[in-house]
Amino acid sequence: MYMVRVSGLLEDFGEWPIDGAEERPGETWVYFSNRVVAGSFAKAHSSKTERARWEVNLAWQEEWVAKPVGARWWIAPDGDDVVPEGRHRLGMRKGLVFGAGDHDTTCGCLEMMERIDFSGKRVFDLGTGTGILSEAAKVLGAASAIACDLEADAAKMAHERGVSAYQGPSFAMPDGRFEVLLVNVPGYVHLDLAPEYSRLLQGDGMLLLSGYYEWQAERIEAALPEFQKLDQIVRGDGWVASIFSHARATASSD
Ligand SMILES: C[S@@+](CC[C@H](N)C(=O)[O-])C[C@H]1O[C@@H](n2cnc3c(N)ncnc32)[C@H](O)[C@@H]1O
């Protein structure tokens, strides 16, 4: 369970999927079973309350242990530097920026990236978080990986990882600029961004999507009429990672 302390009463903070709350003099302790939601809540209200007045219990990050993902990756926390032969180490970055490598959507993306030909490709990582997918794309032979995130902390962390990241939306990028697009964002964001995927990708580009549940897939795919689904995996509680081709006519269906 993750706890966020905020100044004020619960009704001051809008509707969130909370799992419990304790109102105390001048502040409320809000509990979440989902740490991503806890982090989003804390970040969303950081400007409405004094920074010192909110905190998230990040204790679970102390329990991270190194693990294999797919055939290529070794996700490991700081200080754990032993890497099995044939695997590439991707470091787990602590903090509130999403993309440490502990979540099924990130792992699903990494696993599916092994099935995409990145050699010499121009890649865009939309919603990069810690920059983990951009790092992986370069390991897999991408010519370049550009990343963006709306969050300043994410762009900064991705930079620290050696990724060319900027803070801001994808709209800054020109039409048809990329050959592979990586997007791990919540389902409703895919619905908003779907026209961007066609615009950013060149004609026969590849699109890797994650961040949504199996039950949301039909609606998201319907918002992508210019794409053909080629491959899909489902991990954990029903998190999807899917590969689409922008070339409808030449793609095969699964
Ligand atoms: C679920 S995290 C994924 C992080 C990382 N790519 C991974 O796979 O682990 C989604 C990230 O996308 C960012 N984001 C959400 N909507 C966005 C948008 N419209 N444009 C850019 N970034 C966005 C969030 O700030 C967050 O850091």
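Q: At what angle do α2 and α3 pack, and how far apart are their axes?
A: This is a predicted model, and in it α2 and α3 pack at about 15 degrees with their axes 11 Å apart.

Q: Roughly parallel, antiparallel or perpendicular, then?
A: Roughly parallel: angles under 35 degrees count that way, so α2 and α3 qualify.

Q: Is that crossing left-handed or right-handed?
A: The α2 and α3 crossing is right-handed.

Q: Which residues actually meet there?
A: From α2 you have Thr106, Cys109, Leu110 and Met113, and they meet Ile132, Leu133, Ala136 and Ala137 of α3. By class, that contact has seven nonpolar residues, one polar and no charged.

Q: Switching to the ligand: which residues come nearest?
A: Gly99, Thr106, Gly127, Gly129 and Asn184, out of 23 residues around the ligand. You've met Thr106 already, as one of the α2 residues that meet α3.

Q: Which helices and strands supply at least two residues of that shell?
A: α2 (104–113), α3, β8 (144–149) and α5 (187–200) each do.

Q: Which one gives the most?
A: α2, with three residues.

Q: How does the shell divide into nonpolar, polar and charged?
A: There are twelve nonpolar, nine polar and two charged residues around the ligand.

Q: One more topic: where is Arg89 found?
A: Arg89 is in strand β6, which covers residues 88–92.

Q: Is Arg89 buried, exposed or partly exposed, and why?
A: Partly exposed, because Arg89 has 16 other C-beta atoms within 10 Å, while buried takes 20 or more and exposed 12 or fewer.

Q: What does Arg89 touch?
A: Leaving out residues up to four places away in sequence, Arg89 touches Trp74, Ala76 and Val83.

Q: And how far is Arg89 from Ala136, C-alpha to C-alpha?
A: Those C-alpha atoms are separated by 9.5 Å, with the two residues 47 apart along the chain. Ala136 is one of the buried residues of α3, and Ala136 is also among those that meet α2.

Terms used
Residues are numbered from 1 along each chain as its sequence is written. This is a predicted model: local features need pLDDT of at least 70, side-chain atom pairs count only at pLDDT 80 or more; totals for chains, interfaces and linings use all residues. Helices (H or I, at least four residues) and strands (E, at least two) are DSSP runs, numbered from the N terminus. A residue is near a molecule or strand if its C-beta atom, placed from the backbone, lies within 6 Å of it. Ala, Val, Leu, Ile, Met, Phe, Trp, Tyr, Cys and Pro count as nonpolar, Asp, Glu, Lys and Arg as charged, and the others, Gly among them, as polar. Axes are lines fitted to C-alpha atoms, for helices over the stretch in contact, and angles run from 0 to 180 degrees between N-to-C directions. Angles under 35 degrees count as roughly parallel, over 145 as roughly antiparallel, 65 to 115 as roughly perpendicular and the rest as oblique. A crossing is left-handed if the near helix is turned anticlockwise from the far one by less than a right angle, and right-handed if clockwise. Two residues are in contact if their C-beta atoms, placed from the backbone, lie within 7 Å.
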